[in-house]
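The entries below follow the order in which I consulted the structure.

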Amino acid sequence: MGEFKVHRVRFFDYMPSAIRTMAFNSQTERLAVARADGAVEIFNFNDNFFQEKVIPGQDGRAIEALCWVGHRLFSAGLNGEITEYDLENLRPQYTVDAYGGPIWTISSNSQGTQLAVGCEDGTVKIFAILEERIQFQRNLNRHKGRIISLCWHPSSAQIAAGMTDMITIYDAETGQATRRLLVDRAMGASKNKEVVVWSVGYLSDHTIISGDSAGKVQIWNGLTGTLVRTYLVTKWDVLSLIINASQDESSVIAGTSEGTVIQFQFISSTLDQHDKEWVRTRTFRNHSHDVSALAHTDTAVVSGGMDTQLVVRPLLDKVEKNTQESALRKIAFPHRSLVGCAKKAGLLLFQFPDRLELWKLGESEGHGEQHTHTHTLGEDHICCSALSACGGWLAYSTVSSVRLYRIQYNKTISINKVPKLPKELRSVHQLCFSSDSSKLFASSCQSSVIVVAVSQQECRYLHTLKHKTGEWKARMHLLCASDDGKWLATANTDCEIHIYNLHKMKLHCMVPVYNSCPTTIAIHPVTNNLISVHADQQIFEFSLVQKEYTQWSRRLQTQGLLSLWLERDTPITHITFNPKNPDHIILHDTYMFCIIDQSLPFPELNAVLWNQMTLKNLPVSQRIGQSHAFKICKIFQHLMCVSLLEDLSLVVVERPLLDIMSQLPAPVRQKKFAT
């Protein structure tokens, strides 16, 4: 495996924001997740739960609810606005003020023609969904007190709205309230304390299911307005509730402020399968604090909340047991690299949502030295950032602008903003410097790459790299330049990888499309072969000169990767190489880093991926028997970056082992509208 001098960096204290709400699109198998900092993340459940898109947050943007309408995504929040997102350019497309104060909930009818929002002023407002915008239609009858939750009946004829001490059923056409269901205060709460209906669901047979701040899940007959059944499931709040509407509405999931997730099923308690009723069947304990967001797929329950983790819990009666599909998943960190490394200067760039931190690696085994913080200007959070290999340039982008800084280091670091940038360099999705730090590459909103020359005298536009056909392509999420300055590789969310010749400034070739999105790409400094790793954990090596997969890659695909590698649930986010040994490929995910030795044989499909520290303690005879290409090291926790410096020392950036839970409040939800 080889030995390296290791810089073990543990001061990147990145903390994901709490999950506020989520929405699942069963047509596209996409999950949208909104966090407390206003960011929206899109996960592709068809591609190993890969986080394929992130829409950066914004100061003051507080998202309370998300809603899919076909391929369109809407949100509503406490700023009183409804937002539709541009999912290709990863930004808000437009916002509409509902003029009802803070919005607590949003829902669309089953036909996808109308949106309903519940507002602070007690109104349910209906908006028509047009081809490119939404348009206000009417208010339903106003109620005294805020509308906290609502849900359409599948026929789109009625709307059930949850509020304080009450659920109101509206006729969606006339706007009149047809029934009011009074929520009992007596169970789990004192009689003089208001009960907030945090969540409500409306079934085809007019059954209404509610969850409230008294810890109750209640089943109602919406036709008669009578209470059918009450389940006291917690001492605190039932914050979220979701119905599996894609099948037969026979499963309901509730999330509580104690961190539990509870399933109810509509089943028969007798063998003859008659007289079905709602029965509490399962309780999951995968969170420590509020579970404020839920999604229900055909085979799994997805939950999230204050502890920042996205948990995918398969339902074992819907999947085959003891398979990868039946494994519990916890997604804690972004599926992209947030660390930049200046290999020649020993500088590290840490990207947070609202700021950048620049660190200089120390000469000793002590802590590194932090020299400066660079804060964003304005309200927009950071989309992407890049640090040049020489450590002389720093660039970052928000949804509205790009900024470039000149870094000079003597005994202290000075950072000077480049005042005038080319007009072509506006909002971009990815940034990358050439290995000699003379060029900056930026993937633009037009699915092209802008090439800019940077020097101490000026920043000058050079060229725009485009596809041969000129047709629109998906957003580029990965950029990589070769060490010799000849090649640039790009990858987009349509799983396409394009190779550009920088000497000729044109498209060189396109890698055969594989059906899983690339999570990271890199060009070998010696062979100029492209290494790509994908969301399904497959690895490919493509020769840029020959325009074909290498023999090593073909052998790997013929034999197949071992099952323990494919069953990993975190994506590879970074690749680097060992110039001293061209056969070594160094890559990592969140929990391990691996050196692939291309000179050694592949492991058998059922081989064990031994941790190298464990393997080192085995007898020589056993170690020889485990000699294969994949060398795994698992002594690190929460890996954010593994990179090799010019002096061949290894930089390992870990998130410090802080207890995330210790940074959160006690597991009792503070009433978010109390202030």
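**Entry 1: a covered strand**

I examined strand β12 and found both of its faces covered: V124, I126 and A128 are buried on one side, and K125, F127 and I129 are buried on the other. The model I am reading is predicted. I noted that β12 spans residues 124-129 and that six of its six residues are buried, so the strand is mostly covered, buried here meaning under 20% relative accessible area.

**Entry 2**

I then looked up the pairing with strand β11, residues 114-119. β11 and β12 run antiparallel and are joined by five bridges. I recorded V124 in β12 as the bridge partner of G118.

I turned next to strand β13, residues 134-139, which runs antiparallel to β12. Five bridges join β12 to β13. I126, which I had listed among the buried residues of β12, has R138 in β13 as its bridge partner. A hairpin connects β12 to β13 through four residues.

**Entry 2: a charged patch**

Finally, I looked for charge on the surface. I found a patch of positive charge where K468, K504, K506 and K547 gather. I located K506 in strand β45, which covers residues 506-511.

Notes:
Residues are numbered from 1 along each chain as its sequence is written. This is a predicted model: local features need pLDDT of at least 70, side-chain atom pairs count only at pLDDT 80 or more; totals for chains, interfaces and linings use all residues. Side-chain values use heavy atoms; hydrogens and water are left out. Patches are made of residues with over 30% relative accessible area and no salt bridge: like charges are joined within 9 Å, nonpolar side chains (Val, Leu, Ile, Met, Phe, Trp, Tyr) within 5 Å. Accessible areas come from the Shrake-Rupley method with a 1.4 Å probe; for residues, only the protein chains shown count as cover. A salt bridge is a side-chain nitrogen of Lys or Arg within 4 Å of a carboxyl oxygen of Asp or Glu. Lys and Arg count as positive and Asp and Glu as negative; His and the chain ends are not counted. The place of a charge is taken as NZ of Lys, CZ of Arg, CG of Asp or CD of Glu. Buried means under 20% relative accessible area, exposed over 50%, partly exposed in between (1.4 Å probe, protein chains only). Two strands pair if DSSP finds at least two bridges between them.
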